[in-house]
Amino acid sequence: MTEPTTNRVEMEKIVSLSRRRGFIFPSSEIYGGLSSCWDYGPLGVELKRNVKQAWWQAVVQQRGDIVGLDASILMNPKVWEASGHLEGFSDPLVECLNCQRRWRDDQLEGDKCPSCGGQLTGSRQFNLMFKTFMGPVEDEAGVVYLRPETAQGMFVNFQNVLDTTRKKLPFGIAQIGKAFRNEITTGNFIFRSREFEIMEVEFFVKPGTDEKWLDYWLEERLNWHMGLGIKRENLRLREHGKEELAHYARRCFDIDFLFPMGWSELEGIANRGDFDLIQHAKYSGKDLTYFDEEAKEHITPYVIEPALGVDRAVLAFLCDAYHEEPDKDETRVVLRLHPDLAPFKATVLPLSRREPLLKAAKDICSDLRRCWMVGYDDAQSIGRRYRRQDEIGTPFCITFDFQSLDDNQITIRERDSMNQIRVPIAELQQTLTAKLSGEDFFVLPEGGQVWKMEKEA
Ligand code: ATP
């Protein structure tokens with residue numbers, strides 16, 4: 001079987017849905033935007049928070065051998081000297097002599113400008129770190145850099161974490177935070193931007209066990225993506241060739257996702273060896289070793305690093321979840337987001353805008369909001385409101401109708417099948433908890449009934 005080369009969903013559809021429904025807006029839009037910078041709107045911010053929370057739960061909360069950190073973005077510039085970023089964190093830049101556009105030489109096919117076919121300059125290394133100045137004087141002594149990754153914050157705090165947590169190898173440090181790279185070319189929506197968020201683990205292991213742990217993390221990270229709904233056929237592992245390896249890496253794999261523009265890196269998993277700890281020990285003059293109780297000797301641990309861009313993960317989840325289905329004469333757009341990621345877990349809809357339906361629906365909504373992000377919508381026909389929730393990925397719609405006033409029951413509609421059940425209001429919270437954790441939709445609480453069967457479950 002040959003591998004598909006593009007995802008069936010076009011990027012314009014994702015960009016347009018994101019804009020229309022308030023997931024992602026161009027940054028400073030009223031001023032014409034700023035190249036490759038994006039703002040997360042009311043729904044986007046929830047989706048992004050959920051992605052980060054799912055990651056933190058998997059790598060920190062549910063483990064016990066990884067602890068969190070939140071290091072500052074600005075660091076002593078010596079950090080970047082030691083880490084090799086000042087010297088080597090660069091991409092080869094070429095410029096078109098005709099239209100002056102700039103390109104990454106290693107991403108070009110052929111030796112002409114892809115935009116106008118013009119002659120290109122020779123390539124020179126362009127450092128991707130953003131520079132700024134600390135303090136009121138803009139001179140060399142005040143130069144600081146915006147971090148291009150969060151990893152270094154974890155290496156320079158290695159001894160602090162070790163001393164305060166008394167962790168034994170293998171153990172890890174995890175961090176989520178903003179990173180900045182002055183990329184030569186950006187694009188494909190939030191896939192590559194100059195300001196982005198990254199989630200990284202530095203997992204410290206005994207030298208000699210690093211290959212085993214690399215395999216472990218490859219599997220672990222693939223499973224994380226799939227556990228949150230990404231289809232296996234949209235993921236692949238790709239090992240970096242020797243010439244492609246970053247200056248710190250002994251081995252590196254990409255988890256690629258089949259984005260609309262083709263297979264591209266979603267997450268990188270690298271064996272960084274002891275490169276970083278050795279470098280920081282050398283440049284700082286501090287001891288960054290670990291005392292191995294068994295061998296009774298000081299060792300410098302090796303590091304396995306899974307690094308995932310939050311924005312790239314958001315894009316992959318959106319692309320993978322986007323579905324269009326025929327719906328009578330129209331098309332139903334459904335975001336089949338995993339419930340853990342969906343911005344709203346449920347939305348409450350009064351069937352009509354008349355009292356006392358409105359008040360009853362609002363009361364149910366406030367009740368549920370103590371547990372989850374829950375939407376409320378009373379505008380337009382119920383059919384349109386369902387479609388709106390489908391489009392933003394809300395797993396369940398809860399409808400309060402006239403009959404609810406008499407029987408104290410509400411209907412729950414499942415996004416993916418459009419099936420409906422009717423359950424007592426007193427059972428709603430518990431039922432929703434169970435459905436959100438994956439219980440079969442037709443398992444009913446006491447007093448519940450199947451209400452509408454659109455599709456076989
Ligand atoms: P690329 O080859 O795409 O430039 P990279 O190999 O330099 O990426 P890493 O340094 O491995 O990327 O960064 C780890 C992760 O951070 C990437 O897998 C990606 O998810 C994310 N990432 C890196 N650069 C960007 C960017 N400019 N915009 C958004 N996310 C990014």
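Strand S19 (residues 346-350) and strand S20 run parallel and are joined by 3 bridges; strands, like helices, are DSSP runs numbered from the N terminus (strands E, at least two residues; helices H or I, at least four), and two strands pair if DSSP finds at least two bridges between them. This is a predicted model, in which local features need pLDDT of at least 70, side-chain atom pairs count only at pLDDT 80 or more, and totals for chains, interfaces and linings use all residues. Residues are numbered from 1 along each chain as its sequence is written, and side-chain values use heavy atoms, without hydrogens and water.

**The sheet containing S19**

- The open sheet has 6 strands in the order S20-S19-S21-S22-S23-S24, with mixed pairing.
- Strand S20 (374-376) and strand S24 (449-452) are the edge strands, each with a single partner strand, so one side of each has no neighbour in the sheet.
- On average, neighbouring strands of this sheet are turned by 30° against each other, direction ignored.

**Helices on this sheet**

- Helix H11 (residues 382-392) lies across S19, strand S21 (396-400), strand S22 (409-414) and strand S23 (420-424), and runs at about 170° to S19; axes are lines fitted to C-alpha atoms, for helices over the stretch in contact, with angles from 0 to 180 degrees between N-to-C directions.
- Helix H13 (residues 428-436) packs on the sheet and touches S19, S21, S22 and S23, its direction making about 160° with that of S21.

**Strand S9 and its partners**

- Of the 10 residues in strand S9 (residues 171-180), 9 are buried, that is, under 20% relative accessible area (1.4 Å probe, protein chains only).
- Strand S3 (residues 66-68) pairs with S9 in the parallel sense over 3 bridges, and Val 67 stands opposite Ile 173 in S9.
- S9 and strand S10 (residues 195-205) run antiparallel and are joined by 10 bridges; Phe 171 stands opposite Phe 204 in S10.

**Surroundings of Leu 146**

- Leu 146 belongs to strand S8 (residues 143-146).
- Leaving aside neighbours within four places in sequence, Leu 146 is in contact with Ile 73, Leu 74, Phe 130, Thr 132 and Phe 180, contact meaning heavy atoms within 4.5 Å.

- A polar side-chain atom of Arg 192 lies 2.8 Å from an oxygen atom of the ligand, and a polar side-chain atom of Arg 312 lies 3.2 Å from an oxygen atom of the ligand.
- The protein covers 84% of the 600 Å² of accessible area that the ligand has on its own (Shrake-Rupley method, 1.4 Å probe).

How values were computed: Buried < 20%, exposed > 50% of the residue type's maximum accessible area, 1.4 Å probe, protein only. Polar contact = N/O pair within 3.5 Å; in protein donor to acceptor, adjacent residues only side chain to side chain.
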